[in-house]
Amino acid sequence: MKKKLQVALVKALEKASVPWVKSPRCDSDGAQDYCWLPVLELSEGRVRVGVLPNGLWCVANNRCIHILPEGGPCVFFLPVLESSPQVVLSLVVKGFREGGLPEEYVDLFPFEAIVFTALKSNSEYWSGLGLKWVEFIAKSPELQVVLETLSREGVTQKIRHQARKVAKLK
């Protein structure tokens with residue numbers, strides 16, 4: 001289902017006259033600029049998230065962008081968790097609308113991948129924020145495994161207890 005939606009997003013981006021921004025990729029020599037559509041801005045502009053014409057997501061800083069590889073860890077997206085899920089969701093919807101795109105593409109935002117990255121981070125701060133977001137993402141067997149692992153191997157006792165508590169709710 002998501003693959004079809006991503007294909008539809010790519011087609012919509014091809015047809016739309018969106019306000020593209022150009023930035024080099026952070027992990028390259030900077031010779032090539034990538035176009036991306038700003039979708040979300042948080043922390044007074046410190047965190048800017050966008051989508052590339054190929055449907056991949058990116059996070060921008062003042063100099064360059066980090067592109068989220070499909071299925072890859074999204075460490076650079078973790079600051080998204082510092083806002084509430086409702087705020088982030090509404091800003092993503094608003095960003096798509098401002099780009100002239102339907103809000104249905106919000107389902108492609110990597111909420112689950114960001115939460116999984118936080119839960120696996122070995123950081124009390126990010127794990128704690130990820131646990132607060134768990135109720136927002138879809139319930140899956142993979143999530144249950146991550147929660148059970150975190151409840152045994154979390155970086156602090158507080159995180160282990162929170163993970164155990166959240167895992168029981170699932």
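Me: Which are the buried residues of H3?
Reply: The model is a predicted one. In H3, the buried residues are Phe-111, Ile-114, Val-115, Phe-116, Thr-117, Ala-118 and Leu-119. Since 7 of the 9 residues of this helix (residues 111–119) are buried, it is largely enclosed by the rest of the structure.

Me: And what covers the buried residues of H3?
Reply: The covering elements include H2, helix H4 (124–133) and helix H5 (141–153).

Me: Moving to H1, which of its residues are buried?
Reply: Leu-5, Gln-6, Leu-9, Val-10, Ala-12 and Leu-13 are the buried residues of H1. Viewed down the axis of H1, they fall within an arc of 165°, so they line one face of the helix. Lys-3, Lys-4, Glu-14 and Lys-15 are exposed on the other side of H1.

Me: What do the buried residues of H1 pack against?
Reply: They pack against strand S2 (33–42), strand S3 (47–51) and helix H2 (85–98).

Me: Now the cysteines. Which ones form a disulfide?
Reply: Cys-26 and Cys-64 do, with their sulfur atoms 1.9 Å apart. The pair links distant parts of the chain, 38 residues apart: Cys-26 lies in the loop between strand S1 (21–24) and S2, and Cys-64 in the loop between strand S4 (57–60) and strand S5 (65–67).

Me: Is Cys-64 buried or exposed?
Reply: Cys-64 is buried, at a relative accessible area of 8%. Cys-26 is partly exposed, at 24%.

Note on methods
Residues numbered from 1 in each chain as written. Predicted model: local features only at pLDDT ≥ 70, side-chain atom pairs only at ≥ 80, totals over all residues. Heavy atoms only, no water. Buried < 20%, exposed > 50% of the residue type's maximum accessible area, 1.4 Å probe, protein only. Helix = DSSP H or I, 4+ residues; strand = E, 2+ residues; numbered from the N terminus. Arc of directions from axis to C-beta. Contact = heavy atoms within 4.5 Å. Disulfide = S-S within 2.5 Å.
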